[in-house]
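Hi everyone, thanks for making the time.

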Amino acid sequence: MELPRIISSEQITDSIARLCIESCTVLPSPVATLLRDADAIEPFEPARDVLSLIRKNAAIAAEGRVPICQDTGMAVVFAEVGQDVRITGDTLENAVNAGVARGYTDGYLRKSIVRDPLRRENTGDNTPAVLHVRLVPGDRLTLTVSPKGFGSENMSRLAMLTPADGLAGVKHFVLETVRLAGANPCPPIMLGVGIGGTFEHVALLAKEALVDMREGAHPDPFYDALERELLADINALGIGPQGFGGLTTALSVRIKAAPTHIAGLPVAVNVGCHVTRHASETI
Amino acid sequence: MPISLVSPLTQNALAALRAGDSVLLSGVVYTARDAAHARLCQALAAGQSLPVDLRGQTVFYAGPTPTPPGKASGAIGPTTSVRMDPYTPPLLDYGVCAIIGKGERGQAVKDSFVANSAVYFAAVAGCAAYMASCIRNVEVVAYDDLGTESIKRLTVENLPLTVAIDVVGGDFYTQGRALYLQSQKQRSFSE
């Protein structure tokens, strides 16, 4: 019989603490590339001024290890746990939360979490994280920290469309979401669109699509075309960086689709700003 | 060229600003966001005095990150203003004369800016590392228990802002977009 690979909860805590600080201070390079490309084709001068300030800010943040945005977010953590891994010491959940508490405290990051949504007492250490666990083949553990700011999270929407609404219904819902959001989510925005699954699954699809840092086209040509079409339509709205007009309303649209029921067409749009943070480590 | 101004702002300085103007703001501003606004407006409604005299002052919708040792300020930037819409008319009526935030405001709030000859500035969001370099001093002056949401007195130098709503009701969120879309139309005609 093969023995499981042992990973201690301390290793997980150390990794999460590092990832919290790194993700809040260093803009992922695919986002930096999108910003550079947008800056190069933005025809409106005031919009270019904003894009150049945003790029300058990212450089200052990375160099001085200062948060890119003061909203260092709610820590969304994705854990891909190899089936041949055994975690010793504390539970995975406790290990992750201990890492978030340490990272947010040691990194001088903002504590933005309230214990109860209605009674609203700050927990003081930015815990708990929102933890998504997936079992995968192998003997490794991959941790991804994506701190989510709520200026953009608040502008996200979900709808249970019908099969008759079809592709046109999905496009309309995505554009309506961007139009309603206006300047609030700090454009230039990034969009994660989930299509299919069930009510709760489609929201997770949208989140996964948003933090998907793939460079290049969607593997499915149908969705690649839809991503490009939606991005062009959004950038024809004229909202622009910070909402003061311009071409660059969105930097990217990423779609994740999943099988769904014969009666349904769930769609979710998770809105992110350019500070769509993401840092990963594999243990 | 940006207009250099010092806060607290004078009525004359505020009246001269127009939507779209670029401003470099120096002087004193007070942070307050969701939780502090709830307390301030509760106090105003109960006829109590506020823990800080904000009459004639500038309020910045911001909750900075903690100040690391050896630095003047943590990362700082505007939060979404529309969440403060229910609290804004009472605070402007009370005497706050300028607000810094980001994003569009509702019609009742725009009307309140005009009625009170107050100005709404937008700061660029997502530039908190850069903006921290414009902060000279941070001091908690009220509601310390709220952590990042406490009211802080900031001393700022050349904070880059855009006039989003002016004293005559000009709104740069609509004007800026209209300017851009018009410029694109002209471009496609000339091509």
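Predicted model: local features only at pLDDT ≥ 70, side-chain atom pairs only at ≥ 80, totals over all residues.

Where they touch, domain 1 of chain A puts in 14 residues and domain 2 of chain A puts in 9 residues. On the domain 1 side, helix H1 (9–25) and strand S5 (141–148) of chain A are the elements that give two or more residues. Of these, S5(A) provides the largest share, 5 residues. Sorted by class, that domain 1 side has 7 nonpolar, 4 polar and 3 charged residues.

Now to the inside. In general, nonpolar side chains in soluble globular proteins tend to be buried together. Here, the largest nonpolar core has 137 residues. Which residues have the most contacts inside it? They are A:Ile16, A:Cys20, A:Val77, B:Val119 and B:Phe121. The element that gives the most to this core is strand S7 of chain B, residues 151–165, with 8 residues. Both domain 1 and domain 2 of chain A give residues to this core as well, so the core lies between them.

Let me zoom in on A:Ile16. Setting aside neighbours within four places in sequence, A:Ile16 is in contact with A:Val77, A:Val96, A:Gly99, A:Val100, A:Gly103, A:Leu143 and A:Val145.

Next, a helix pair in chain A. Helix H6 (residues 166–181) and helix H8 (residues 221–234) of chain A pack at an angle of about 35 degrees, and their axes are 10 Å apart. The crossing of H6(A) and H8(A) is right-handed. From H6(A), the contact uses A:Lys171, A:Val174, A:Leu175 and A:Val178, while H8(A) brings A:Leu230, A:Asp233 and A:Ile234. By class, that is 5 nonpolar, no polar and 2 charged residues.

Last stop, the two chains together. How many residues of chain B are in contact with chain A? The count is 36 residues of chain B, in contact with 39 residues of chain A. Helices H5 (128–132) and H6 (172–190) of chain B each supply at least two residues of the chain B side. H6(B) gives the most, with 8 residues. That side of chain B has 20 nonpolar, 13 polar and 3 charged residues.

Thanks, and I'm happy to take questions.

Conventions
Residues numbered from 1 in each chain as written. Chains lettered and ligands numbered in written order. Core = buried A, V, L, I, M, F, W, Y, C linked by C-beta atoms within 7 Å. Buried ≥ 20, exposed ≤ 12 C-beta atoms within 10 Å, placed from the backbone. Helix = DSSP H or I, 4+ residues; strand = E, 2+ residues; numbered from the N terminus. Domains from an automatic or database assignment. Contact = placed C-beta atoms within 7 Å. Axes fitted to C-alpha atoms, helices over the stretch in contact; angles between N-to-C directions. Left-handed = near helix turned anticlockwise from the far one by under 90°. Nonpolar A, V, L, I, M, F, W, Y, C, P; charged D, E, K, R; others polar.
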